[in-house]
Amino acid sequence: MSVQATAPLAPSRKIPWNLFIFVALGGTGIVYGSLSIWSDPVEGWLHAARYTARFSFFVFLTAFLASSLVYWLPSAPTRWLRAKRRYLGLSFALAHFVHLGALVTYLNLSGDTRSLLTLIGGGGAYVMIALMALTSNDWSVRTLGPKTWGWLHWLGAWDIWFIFTFSYFGRVTKDTPQEPRIIYITLLTLAVSALVIRIATRVAKRQS
């Protein structure tokens, strides 16, 4: 799974299992911590859903900006991120499906509902994440062709970015946000900054 808007680069063949372990432990740790802190299971799962989403957002940003980071800050760590961006994308898929599990559990326990627009947008994002994850292999690149494969992952990356950004923007503009507004402002700022960095990188590469 690549969340870059460029043709696929040959990934490093060594699978970074530690990365997947870190993400799995991070997501499940958030769930466990939330349930431990909140005595009410509904509140516990609500906070688990919120913070697993934010955890997956940070994983997404790392994959989304991998090429840009190595362009502006060339170093061994940023080159490693670019080389492993397929696995960063798969790690994001793992983290976000942990979030989905927490969210579904919360909705079942609370009886809370979501608007049709939210269900369509969120459901579509999960379909795209699944498609990107399933095609994150050399066989899919060869079968689909680099151009089609690139368009699929380009569209998926921006769809995911838009869902996160739209969600945080909606919470920032609410009269009574569920949590301190500064949390949503910070997340929205990070999302918009990622957009600016991607555009700046594209412009700089074209000029050079």
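## Overall architecture

Of the 208 residues in the protein, 40% are buried. The model described here is predicted. Its secondary structure comprises 9 helices and 0 strands, and the pattern read along the sequence is α-α-α-α-α-α-α-α-α. The radius of gyration of the protein is 18 Å, close to the 17 Å given by the globule rule for 208 residues, and the protein is therefore as compact as a globular protein of that length. The C-alpha trace spans about 55 × 35 × 35 Å along its principal axes.

## Aromatic pairs

A pair of aromatic rings is described by two quantities, the distance of the centres and the angle of the planes. In the whole structure, a search finds 17 aromatic pairs. One of them is formed by Phe60 and Phe92, whose rings lie 5.4 Å apart, centre to centre, with 55° between the planes; this pair is tilted. It links distant parts of the chain, since Phe60 belongs to helix α2 (residues 41-64) and Phe92 to helix α5 (residues 85-110), 32 residues apart. Phe60 has a relative accessible area of 0% and is therefore buried. Phe92 likewise counts as buried, because its relative accessibility is 0%.

The rings of Phe164 and Tyr168 form a stacked pair, because their centres are 6.2 Å apart and their planes meet at 20°, an angle under the 30 degrees that limits stacking. Both residues lie in helix α8 (residues 146-172); they are 4 residues apart, so about one helical turn separates them. Phe164 and Tyr168 are both buried.

## The aromatic cluster

The two pairs described above take part in a wider arrangement. Ring pairs link Phe57, Phe58, Phe60, Phe64, Phe92, Trp158, Trp161, Phe164 and Tyr168 into a cluster.

## Arginine over aromatic rings

Phe64, a member of the cluster, also has a charged neighbour: Arg198 lies over the face of its ring, 4.3 Å from the ring centre. Another arrangement of this kind involves Tyr51, where Arg54 lies over the face of the ring at 4.6 Å from the ring centre.

## A nonpolar patch on the surface

On the surface, Ile15, Trp17, Ile21 and Leu25 form a nonpolar patch. Together these residues have about 430 Å² of accessible area. Leu25, one of the members, is located in helix α1 (residues 17-37). Why does Leu25 count as exposed? Its relative accessibility is 56%, and the cut-off for an exposed residue is over 50%.

Methods:
Residues are numbered from 1 along each chain as its sequence is written. This is a predicted model: local features need pLDDT of at least 70, side-chain atom pairs count only at pLDDT 80 or more; totals for chains, interfaces and linings use all residues. Side-chain values use heavy atoms; hydrogens and water are left out. Patches are made of residues with over 30% relative accessible area and no salt bridge: like charges are joined within 9 Å, nonpolar side chains (Val, Leu, Ile, Met, Phe, Trp, Tyr) within 5 Å. Accessible areas come from the Shrake-Rupley method with a 1.4 Å probe; for residues, only the protein chains shown count as cover. A salt bridge is a side-chain nitrogen of Lys or Arg within 4 Å of a carboxyl oxygen of Asp or Glu. Helices (H or I, at least four residues) and strands (E, at least two) are DSSP runs, numbered from the N terminus. Buried means under 20% relative accessible area, exposed over 50%, partly exposed in between (1.4 Å probe, protein chains only). Rings of Phe, Tyr and Trp (its six-membered ring) pair if their centres lie within 6.5 Å; planes under 30 degrees apart count as stacked, over 60 as edge-to-face and the rest as tilted. A charge sits over a ring if NZ of Lys or CZ of Arg is within 6 Å of the ring centre and within 35 degrees of the ring normal. The radius of gyration is taken over C-alpha atoms; the globule rule is 2.2 Å times the number of residues to the power 0.38.
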